[in-house]
Amino acid sequence: MTSYIIKVNRTRGFLTTCLFGIILINCKNGERTYEDSLPKITLETSLKEDIKRTISFLDSLMAGKQEDRIKYYKLARARFKKMEPVFAFVDGENYKFLNQPNILKVEEEDATDIKVKSPYGFQVLEEQLFGETTTKNLGKNIELIKNRLQLIAVNIQLNIKNHHLIWLLRDEIVRIALTGITGGDSPVLEQSLEEAKIAYSEMERLLNIYGENFKDQTLLGAWADEFARTKKILTTDFETFDRYFFIKNHTHRQLELLVKTQKDWDVEFPFEMAFKNDMTSLFSEDTFNLSFFSDSNDEVSFFSEKVALGKRLFNDGNLSRSKSISCASCHQEDKAFTDGLKRFEGQTRNTPTMRYAALQKGFFYDGRAGSLEGQIISVINNENEFHSDLKTVMEAVESDSSHVDGFNALYGKVNDRAIRNAMASYVRSLSTFNSKFDRNINGLENTLTQNEINGFNLFNGKAKCATCHFAPVFNGTVPPNYKESELEAIGVPNDTLEGARVSDDLGRYHLFNVEERKHFFKTPTVRNASKTAPYMHNGVYGTLEEVMTFYNDGGGVGLGIELEHQTLPTDSLDLNAQEIQDIIGFLKTLEDEVRP
């Protein structure tokens, strides 16, 4: 189940104007190169034709009889998926509008600019036609989809350079692996595998359009072979599909081919986005560009030295007013940087893990901080934590010569920004991707049991876990762009488990008092879950078995709790006892090896 979207930056204008200079015309002195002409004309023409055909199928859907609706919906949806690789890249905001989940959307710019919007788009349409959602707004939804598509067709102009093509291909490969094959955007029909085949056919067409770029034509042939094998393996049943095998042997193979292609084309990238430009695995320390998730632009320089300095600060109780509490008081390394308690003394919420905390766009359970550095300020100021301020912390640092020497060498001097950056750098180093699962999916060892593999496949398929906990981090930060961290209302019960009563903590609601945000909490990582009990924001569940039973029964609503905006499916997942144990077995493989 996909959650509400926190929209961090307001979109200026109805149509996204430009992404890295993609949507514009660029011809110097009237000269047109191969890269500027044939691909541009071909892609722009085909995209507009796909939009036209999609609109036509939607018209037929509205005019047709009930028995014809599934036919025309699938045809419209197939055209939309054919557009996806290019369209999602060049106009991400409109793509999200047309493919948003059937959940009330809340945009929180600040306390004076809050919008609550009903969802529209293809996922909503699928549930209106084939699910339990009312069809009273069916016509309005279709008209909104059509109007948005028509406006896009009028305004869009493409000039996709070689590095843009590499980026959009990588985005689509990752999108399919991490959200597509989970069934995330085909909530009723579960057409995800068939739709993935459509997207792969379009990627193959795109590479052929740019075929003259290949100096090594055998590389283009390798792509053709890989596309053929991929589409063949996707021709299977949704529930029995082996997602582990697919990612290990196809997604990663495609990422390797992409790196070979960019080298063959001599592609130069102007910068890196969430993924490193040369990444070949989704499950590696070399997958993500940490600077993308940071407020700082200099994460690479002296990173290991900053990590060492930050670790000393993380464990230094002198930074707190009492001189007795450090970050490590609550975030203990042997417990995956949690504390094993329902709630630490003086706290109202369970202590979350610091592992993989860097790879998200929202911090604290309610997402109120936008960066690690910002979170650190809140901890310092909290009267139940450091109960201090930045000035006092800086004075404590300056009183320790070993700290001062480190700051002088790395930052030039001690200042509050440097202190926060050093501590944040240490937290950023805790995304190690060295668990048993990571080692196996990267082919470094072959030790996963069949039950553990089944657990991964269930997590990413039938159990719907991965529609909120997205691999590879298994948290709520949405791939492939990683611009937003989702929050969910799942109906966590009060920590006494007495009666059908939701937790008293209103979560995100406390920020802006938006009624539709009551009981919403950030989706955390489930990596190292074997070490981070008790679970949920209030520590209500002590075992993974209890957590799985809660989800399997339909969350809070399944317990009899009335929760109007629950984002978790309210019906049972119908997981049997063995399937639940397989999922728990998989979760245990996500326990990181602790480095000395």
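Predicted model: local features only at pLDDT ≥ 70, side-chain atom pairs only at ≥ 80, totals over all residues.
Residues are numbered from 1 along each chain as its sequence is written. Local features require pLDDT of at least 70 and side-chain atom pairs pLDDT 80 or more, whereas totals for chains, interfaces and linings use all residues; side-chain values rest on heavy atoms, without hydrogens and water.

The protein chain contains 21 helices and four strands, taken as DSSP runs numbered from the N terminus (helices H or I, at least four residues; strands E, at least two). Its C-alpha trace spans about 70 × 60 × 55 Å along the principal axes. Of the 596 residues, 57% count as buried (under 20% relative accessible area, 1.4 Å probe, protein chains only).

The structure holds 38 aromatic pairs, defined for rings of Phe, Tyr and Trp (its six-membered ring) with centres within 6.5 Å; planes under 30 degrees apart are stacked, over 60 edge-to-face and the rest tilted. F337 and Y426 form an edge-to-face pair, with 6.3 Å between centres and 70° between planes. Because F337 lies in the loop between α11 (327-330) and α12 (372-381) and Y426 in helix α15 (residues 416-428), the pair ties together parts 89 residues apart in sequence. F337 is buried at 2% relative accessible area, and Y426 is buried at 5%. One aromatic cluster comprises Y244, F283, F437, F456, F459, F474 and F586.

R148 lies over the face of F97, 3.7 Å from the ring centre, and R517 over that of F520, at 5.6 Å.

Technical notes
Buried < 20%, exposed > 50% of the residue type's maximum accessible area, 1.4 Å probe, protein only. Lys NZ or Arg CZ within 6 Å of the ring centre and 35° of its normal.
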